[in-house]
Amino acid sequence: QRQTDRARQRPAIAARRLTKRFGPIEALKDLSLDIRENEFFTLLGPSGCGKTTLLRLIAGFELPTTGRIELDGEDISGLPPHRRPVNTVFQNYALFPHMTVAENVGFGLKMLGRSRSEIARRSAEMLELVELGAMAGRRVEQLSGGQQQRVALARALAPAPRVLLLDEPLAALDLKLRKAMQLELKKLQAETGITFVFVTHDQEEALTMSDRIAVMRAGEVLQVGSPAEIYDRPAHRFVADFIGEINILEGRIERMSREGHALVRLGGGAEIEARLDPELPRHGAVSVAVRPEGARLAGAEEAATIEGRLEHVVYFGSGSHIHLRLASGEPFVLRHSGPVDPQHLQPGARLGACIAPEQARVLA
Ligand code: ATP
């Protein structure tokens, strides 16, 4: 067990002070990152933040302007793509339409000069893995989008790469198929034990699939952590905002509670008790973050933490989001599960929300 733990800790890929410039554009800025052996690692960030550039540097399609990339502790920055034990699945699959499914899957092995019998055996094995064994003889253009995606995966996995890079591989699929493929990809990663580096701008997809996530903005990594760490303890306001819905309220720390929470006076005059990391200052102007599910409607007799006027209710099946406008002018969204009685929810109605101290957090 200890050995597997150690193996999990060793970085399979390390980016060391990577910078990549395209003329005046700095796509990556002094970026350092460890990706561990056997993990499902996700690069998450808005369009243009440098996710694809980082992937292309790892694959060797681009060279860094400065810095280096290590694989198992060895500098691979100078190796051409085909000499790296790394394979890529692209968003558009990049399959050969005139070839059969089996020929597509075997293509990389053929390029590597493997024997015909090995190619046949390995291709069949990979097609079984992605549950397309029955389709081996079909031409790729006869397949659905989801099936083509699985062929692309089988092709990329066939040479048994150390690392598989996936650049928004599910973006072209419809929602239902995408959800199914998310589970399949996760299963595939667990079964093969190959390190996956997955690129997406979809935060929900990142939370569902990843062992760890790197949140990127403008060529930099802002935070690396497990989905729960990123969601519950965002280290930056940008991360808090980017990962799921969140309310951010401005205020000022008045004092500390006996439990070590900050008592924050909000703009509208209400006081909220919030978690405060020990390394943060215990005074001054702060922002307090509360997830919609961290607040609930106050009962008629209950003391509310904050009050506001109802603006609108968004129903989404398993619950509703109740949108309030606070006295400070700030919007506030809270999640309500169960039915909402429209009688009690007239626009403009005064509503209170209760927020437990564990559900409010002072942002760095
Ligand atoms: P998206 O989610 O839209 O694919 P991304 O996070 O993958 O975005 P990149 O494609 O890595 O972002 O681009 C990062 C920045 O570098 C962008 O400003 C982009 O315009 C720029 N860039 C990327 N490739 C090149 C190139 N070959 N020449 C010039 N600029 C480029």
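Strand E2 (25-36) and helix H2 each give at least two residues to the shell around the ligand, helices (H or I, at least four residues) and strands (E, at least two) being DSSP runs numbered from the N terminus. H2 makes the largest contribution to that shell, with 3 residues. Around the ligand sit Phe22, Ile25, Ala27, Gly45, Ser47, Gly48, Cys49, Gly50, Lys51, Thr52, Thr53 and His201, a residue being counted when its C-beta atom, placed from the backbone, lies within 6 Å.

All of this comes from a predicted model, in which local features need pLDDT of at least 70, side-chain atom pairs count only at pLDDT 80 or more, and totals for chains, interfaces and linings use all residues. Numbering starts from 1 along each chain as its sequence is written. The protein chain averages a pLDDT of 91, and 96% of the residues score at least 70; pLDDT is the predictor's confidence in each residue, from 0 to 100. The model's ipTM is 0.96 and its pTM 0.86.

Back to H2: this helix spans residues 51-59 and is mostly covered, with 7 of its 9 residues buried. Buried here means 20 or more other C-beta atoms within 10 Å of the residue's own, with C-beta atoms placed from the backbone. Among the buried residues of H2 are Lys51, Thr52 and Thr53, which also belong to the ligand's surroundings.

Terms used
Buried ≥ 20, exposed ≤ 12 C-beta atoms within 10 Å, placed from the backbone.
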